[in-house]
Amino acid sequence: MGRDRDGDWDGAPVKTVNWINGAWEGADGGATFSVRNPATGEEIARVPDCGAAEARRALDAAAAAFPAWAALPAIDRANVLFNVYAQMLTRARELAALLTRENGKPIREALAEIQYAADFVRWSAEEARRVYGETIPASVAGKRHLVLKQPLGVVAAITPWNFPAAMITRKVAPALAAGCTVVIKPAEQTPLSALALAELFEAAMLPPGVLNVITGNPEPIAKEMLAHPKVRKIAFTGSTEVGKLLMRGAADGLKRVALELGGHAPFIVFADADLDKAADGCVANKFRNSGQTCICANRVYVQQEVHDAFAKKLADRASALVIGDGMDEKTQIGPMIDEGGLKKVIEHVEDAKRRGAKVLCGGRVRDGKWFEPTVMTGVPAEARVLREETFGPVAPVVAFRTEEEVLRLANDTPYGLAAYFFTKDASRLFRVAEALEYGIIGVNDPSPGVPQAPFGGMKESGMGREGGKWGIEEYVEVKHVSIGL
Ligand code: NAP
């Protein structure tokens, strides 16, 4: 990667080859695919279009590297991660600019993502030394029971485009800390951040094969991951549909799966809430990454008494958001990732309008690539925007009367990733937090994600947790050693 004297991204070539067994290489036949800047449509790089053969090579390399990496003292593994953490901070602007260019998100959000991604690396480095075993009191004299925690083995990871750095470090850092080795396949829209991170691991002297990054066709690559006998875990973040495919595929080899899948978050505002705080929180949560965030609000439920006032506050704030190229520091709303993403948003808004919804602000495509931040009211329950994940900057606001009613509405979905509510009532705080069938709950808090807490969903939003001590536990095998004295 190149950097100019100001420390800014200067458009110099990035790593556009894969990192397999410590070497940088292209696809076997030399095939490549294009990576485009979603704001301009410009091709910013071509990366290897790999398939089964390269995937097998990467998996074999990870398998060969595993015994030595697993045997290293935890502090030695941690030191590599501390080194990567330091590099991420030093090169944060450069990494953020690269991320914005391939993903489109505003540069400030990209910087925040790099910090968030780096925090997982530091947390895992710190936690590596605390993967403690246990001793259990025996039932008879002359015996001892030990519980050992040992690294699982080779981990195969597949990640999405919406958080091109953080979704990688959230898997790679705890896996490496625990002593596993990893093959990662990033999303086709955003492979450059993954390759840039691999460069940092190389600079940190990570031994060859411990981490491998392969770009290309997901189906043959995933097939190899599922079939390889040394792969013990599939770690996936992406759509529920693909998550289910991978879980089915993992069944034959009884490989563990961790699935961070789609969401359909309710954002509930009770009449006793601080409405300005709730409206600020709703904007921060809903419109982050142009609504292309798995934990962002998809449905906004507002108690009848404050519905109109809240909808106005939300629309006033949403319509003031600045749309533009993410590289412009003023931009708050970047482009949609691609035509498919934009099309789904248009369909959801048009469907709601046909069913009688009123558009308070936005509702239109801007310059073919952006969708204006949109607030709608009067959206009927059957509307797609209230049934499916929209993944765009659209906030349907729906009135409710009672706590019981809103809990029924909020839980009436196959998804269960994140939910939010705003209230000042302490009893309600516990009642509602406990009743919501979601893995992450933000109470008067629109951004609950931190590296030290568990992140993950219930129901069809997935299984397993990333982050905190739970994140590392996902990568260890628990072994009972019973000793007769
Ligand atoms: P996606 O289509 O499932 O893609 C995610 C990854 O899976 C990409 O690397 C993709 O590769 C790969 N993939 C696609 N088809 C595959 C197949 N048949 N077999 C194996 N891998 C395959 O999801 P997306 O549209 O990129 O991401 C958006 C979704 O991710 C949303 O539903 C969002 O809620 C969810 N998400 C969840 C979390 C969470 O933590 N729960 C976080 C972020 C996003 P290609 O890119 O090469 O097609």
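## Basis of the model

Residues are numbered from 1 along each chain as its sequence is written, and side-chain values use heavy atoms, with hydrogens and water left out. Because the model is predicted, local features need pLDDT of at least 70 and side-chain atom pairs count only at pLDDT 80 or more, while totals for chains, interfaces and linings use all residues.

## The largest pocket

The largest pocket holds about 1200 Å³ of space. A pocket is defined on a 1 Å grid over the protein atoms alone, as an open set of points where a 1.4 Å probe fits, with protein on both sides within 12 Å along at least five of seven lines. Grid points are joined across faces, edges and corners, and the volume is the space filled by probe spheres set on the points.

The lining (residues with an atom within 4 Å of a point) comprises 39 residues, and Trp161, Phe236, Gly238, Ser239 and Val242 lie nearest the centre of this pocket. Two or more lining residues come from each of helix 7 (218-227), strand 10 (231-237), helix 8 (240-251) and helix 11 (339-354). Helix 8 gives the most, with 6 residues. Helices (H or I, at least four residues) and strands (E, at least two) are DSSP runs, numbered from the N terminus. By class, the lining has 17 nonpolar, 13 polar and 9 charged residues. Here Ala, Val, Leu, Ile, Met, Phe, Trp, Tyr, Cys and Pro count as nonpolar, Asp, Glu, Lys and Arg as charged, and the others, Gly among them, as polar.

## The second largest pocket

About 400 Å³ of space lies in the second largest pocket. Of its 21 lining residues, Tyr116, Phe163, Arg288, Ser447 and Gly449 are nearest the centre. Helix 4 (107-127), helix 5 (166-178) and helix 9 (275-286) each supply at least two residues of this lining, and helix 4 provides the largest share, 4 residues. The lining divides into 12 nonpolar, 4 polar and 5 charged residues.

## Helix 1

Helix 1 (residues 52-71) has 20 residues and should span 28 Å at 1.5 Å a residue; its end C-alpha atoms are 29 Å apart, which agrees. The expected span is 1.5 Å times one less than the number of residues.

The helix bends by about 40° at Ala65, and Pro67 follows within four residues. The bend is the angle between axes fitted to the seven residues ending at a residue and the seven starting there. Among the buried residues of helix 1 are Glu54, Leu59, Ala65, Phe66 and Trp69. Buried means under 20% relative accessible area, exposed over 50%, and partly exposed in between (1.4 Å probe, protein chains only).

## Salt bridges

The structure holds 33 salt bridges, each a side-chain nitrogen of Lys or Arg within 4 Å of a carboxyl oxygen of Asp or Glu. Glu473 and Lys149 meet at 3.0 Å, N to O. This pair links helix 14 (residues 468-473) to strand 6 (residues 143-151), 324 residues apart. Glu473 is partly exposed at 35% relative accessibility, and Lys149 is partly exposed at 24%.

Glu477 and Arg256 form another salt bridge, with closest N and O atoms 3.0 Å apart. Glu477 lies in strand 22 (residues 476-484) and Arg256 in strand 11 (residues 256-260), so this pair ties together parts 221 residues apart in sequence. Arg428 also forms a salt bridge with Glu403, at 2.9 Å between the closest N and O atoms.
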